[in-house]
Amino acid sequence: MSNKIVAGNWKMNKGFTEAEELIEELISLFEKEEVESEVIICPPFPYLEIATDYAQDGFFKVGAQNISPFPCGAYTGEVSAGMLRSMEVDYCIIGHSERRKYFNEDDKMLTAKVNQALENKLIPIFCVGEALPEREAGKHFEVVRRMVRHGLFHLDTSEFAKVIIAYEPVWAIGTGVNATPQQAAEMHAYIRTLIAERYGDDIAAQTKILYGGSLNAKNAADIFSQPGVDGGLVGGASLVAEEFFEICKKA
Ligand code: PEP
């Protein structure tokens with residue numbers, strides 16, 4: 001095991017048959033060549049059961065892309081953390097910039113989602129990252145600091161220790177413009193100093209911090225080789241089996 005994690009966020013893509021085909025293609029690649037990183041796939045809700053069935057082969061784990069901030073009850077259209085846990089989903093992306101932007105998910109809601117995830121033994125993959133104007137104004141550290149503190153620092157040490165953080169600069173998501181390896185390393189180091197201040201050096205050192213934003217088979221090795229980069233959260237490139245597999249191999 002390389003201790004790195006690669007998670008594929010399919011977003012709202014693929015039909016039912018295509019989803020199954022993608023998973024089967026991935027498995028046939030994993031069967032041919034061993035991958036050292038821990039692989040997580042995060043398909044849309046309707047395909048989670050296919051994914052958890054195939055996950056029994058042991059090549060990947062399964063994550064959801066979202067959860068409800070509520071535990072259960074009259075919340076039409078919502079999917080709870082408890083439901084996902086009951087279908088052997090292990091992870092959940094929380095705070096993705098698309099959810100912050102299109103669904104107005106604010107710190108209060110994200111905190112409730114993080115709590116729901118942890119109460120139900122789902123591991124949150126908590127996304128933070130600045131928009132382009134914020135980086136251009138030199139506010140990227142301030143923005144990320146606020147997101148990390150407001151979203152996660154209410155947790156006690158044992159809860160926080162379960163969380164994975166994904167640094168995803170918004171300007172790099174789906175744009176084909178990735179952060180440079182240095183920009184990724186710099187922000188990961190900064191996030192780790194924030195964690196150290198709140199939870200101590202040991203927890204800071206062991207927290208997994210993934211990079212996300214236009215990762216592909218060409219740029220993954222450079223970014224993954226940076227100190228403090230513990231793997232990646234992959235969007236577009238996770239929809240093509242060979243490309244995703246190549247990224248997983250680089251981790
Ligand atoms: C994402 O949506 O989490 C992401 C990183 O997307 P992409 O890889 O397509 O930039």
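The shell of residues around the ligand splits into 8 polar, 4 nonpolar and 2 charged. Keep in mind that this is a predicted model. The shell holds 14 residues, and those that come nearest are Lys11, His96, Glu168, Gly174 and Ser214.

The side chain of Glu168 places an N or O atom 2.7 Å from a ligand oxygen. On its own the ligand has 290 Å² of accessible area, and the protein covers 96% of that.

Back to Lys11. This residue sits in the loop between β1 and α1, the helix at 16-32. Lys11 is not a glycine, yet its phi is positive, about 55°. Most residues other than glycine have a negative phi. Asn104 is another case, with a positive phi of about 50° and again no glycine. Asn104 belongs to the loop between α4 (97-102) and α5 (107-119), and at 61% relative accessibility it counts as exposed.

Next, Lys4, in the segment before β1 (5-9). The Lys4 side chain does reach backbone oxygens: that of Val229 at 3.0 Å and that of Phe224 at 3.3 Å.

That leaves the salt bridges, of which the count is 11.

Lys249 pairs with Glu33, with the closest N and O atoms 3.4 Å apart. Lys249 is in helix α12 (residues 241-250) and Glu33 in the loop between α1 and β2 (38-42), so the bridge ties together parts 216 residues apart in sequence. Both are partly exposed, Lys249 at 31% and Glu33 at 37%. The two also belong to a network of salt bridges with Glu246 and Lys250.

Arg146 and Asp107 form a bridge at 2.6 Å between the closest N and O atoms. This pair links helix α7 (residues 140-152), which holds Arg146, to helix α5, which holds Asp107, 39 residues apart. Arg146 is partly exposed at 37%, whereas Asp107 is buried at 19%.

Finally, Arg149 meets Glu197 at 3.7 Å, N to O. Arg149 is in helix α7 and Glu197 in helix α9 (residues 181-199), so parts 48 residues apart in sequence are tied together. Arg149 counts as partly exposed at 38%, and Glu197 as exposed at 59%.

Methods:
Residues numbered from 1 in each chain as written. Predicted model: local features only at pLDDT ≥ 70, side-chain atom pairs only at ≥ 80, totals over all residues. Heavy atoms only, no water. Near = heavy atom within 4 Å. Polar contact = N/O pair within 3.5 Å; in protein donor to acceptor, adjacent residues only side chain to side chain. Areas by Shrake-Rupley, 256 points an atom, 1.4 Å probe, with all protein chains shown as cover. Nonpolar A, V, L, I, M, F, W, Y, C, P; charged D, E, K, R; others polar. Helix = DSSP H or I, 4+ residues; strand = E, 2+ residues; numbered from the N terminus. Buried < 20%, exposed > 50% of the residue type's maximum accessible area, 1.4 Å probe, protein only. Salt bridge = Lys/Arg side-chain N within 4 Å of Asp/Glu carboxyl O.
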